[in-house]
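Hello,

Here is the structure you will be working with. Please look through it first; my notes on what was found follow below.

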Amino acid sequence: MVHIRLASVALLHSLLLTYGLAEDTKLSESLVGCDEVSCPKENAHDRCTVGEKTFLGIGLSRIPNVPSTLEGLSLIKGVNISEGGEGKRKFNSAYYLGTPSELDVNDLSGCVVAFNDPPEKQFDGPVKTGKDRNITEVQAARGTCPDIIEQECIDTLTERARSVTNATSNGGVCATLERELRRNAFEECRDLGGKGRGLGNFTVTSFGNLSTVRNSTDCWPVKPKSDDLALITENTAVGNNTAASMYQEAWKITPVLTVFIGKGNNSLVEKASSQMTCLKVVTEENPEEAENGSESSASMLSTNPRVAGIAVLIAAAWVAL
């Protein structure tokens with residue numbers, strides 16, 4: 001009979017718990033959709049309800065390059081569609097801030113700039129097969145800002161945002177930033193809102209106006225699930241009933257500029273910090289079930305990193321027995 005010491009069992013439990021919590025905080029890619037956050041589907045299609053809004057899908061991304069005190073902040077985009085009359089459709093995009101449970105959203109100060117016109121370039125995506133062979137699957141395409149925006153443009157916008165906020169009192173930061181963006185040609189960003197359109201149409205929102213959403217649905221589009229969500233802003237675009245309009249508006253890419261500034265003596269940041277995050281709804285249909293449902297243990301370990309990781313932890317614990 002194998003006798004397992006109590007300390008070893010405790011070690012194994014601790015390792016598994018730590019591993020599970022770490023896995024829950026990770027995103028498999030920089031931009032993910034409903035599958036990553038385990039939202040339910042309607043038949044084969046993604047669906048996510050947040051508060052009173054039901055979206056055809058979501059896009060979730062960590063905000064890159066934030067100060068250590070703001071690690072774990074996320075941006076989420078959801079899109080829903082409604083009929084607009086006379087053959088028109090309304091595409092409503094909602095943007096949320098995901099915050100770790102230990103961070104109070106009221107402690108944040110700064111601005112969010114959503115560039116509502118998509119860049120000329122698009123993310124790469126899987127290629128459809130069959131009759132649509134060699135056509136990029138727009139819905140599932142994903143990437144990061146440097147994939148579609150010149151780095152010179154990203155650097156110019158983030159640097160200008162920092163310099164403007166550092167030179168402005170807290171009370172008028174967002175208004176000052178908006179004036180700066182509207183009056184400056186930003187030649188480095190001439191294609192940000194489409195070819196030759198400069199920054200295009202954009203909206204500026206203060207972090208001081210955030211509205212926290214209560215978790216009351218079966219889809220909480222953030223990771224880990226303990227994170228909170230706050231609505232930042234919404235934007236509505238009008239299109240028509242064609243498939244082309246659907247692809248263009250529902251799955252368009254939205255660059256988002258975030259600016260965090262100090263707020264009093266207990267500020268989360270010592271100096272202004274700015275980042276660019278590119279959001280897009282990522283949707284994927286349910287994959288077809290495998291013809292052969294049985295798999296060997298070796299196959300499972302080679303194709304499922306989570307199972308393999310747990311196996312390593314179990315082995316480590318047994319060594320300590």
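Helix α3 covers residues 151-166, and its 16 residues reach 22 Å from the first C-alpha to the last. That is close to the 22 Å expected at 1.5 Å a residue, where the expected span is 1.5 Å times one less than the number of residues. Helices (H or I, at least four residues) and strands (E, at least two) are DSSP runs, numbered from the N terminus.

This is a predicted model: local features need pLDDT of at least 70 and side-chain atom pairs pLDDT 80 or more, while totals for chains, interfaces and linings use all residues. Residues are numbered from 1 along each chain as its sequence is written, and side-chain values use heavy atoms, without hydrogens and water.

Among the buried residues of α3 are Cys 153, Leu 157 and Val 164; buried means under 20% relative accessible area, exposed over 50%, and partly exposed in between (1.4 Å probe, protein chains only). The buried residues of α3 pack against elements including β9 and α4, with contact meaning heavy atoms within 4.5 Å.

There are four aromatic pairs in the structure. Rings of Phe, Tyr and Trp (its six-membered ring) pair if their centres lie within 6.5 Å; planes under 30 degrees apart count as stacked, over 60 as edge-to-face and the rest as tilted. Phe 207 and Phe 260 are stacked, because their ring centres are 5.0 Å apart and their planes at 15°. Phe 207 sits in the loop between β10 and β11 and Phe 260 in strand β13, 53 residues apart. Phe 207 is buried at 2%, and Phe 260 is buried at 1%.

Regards
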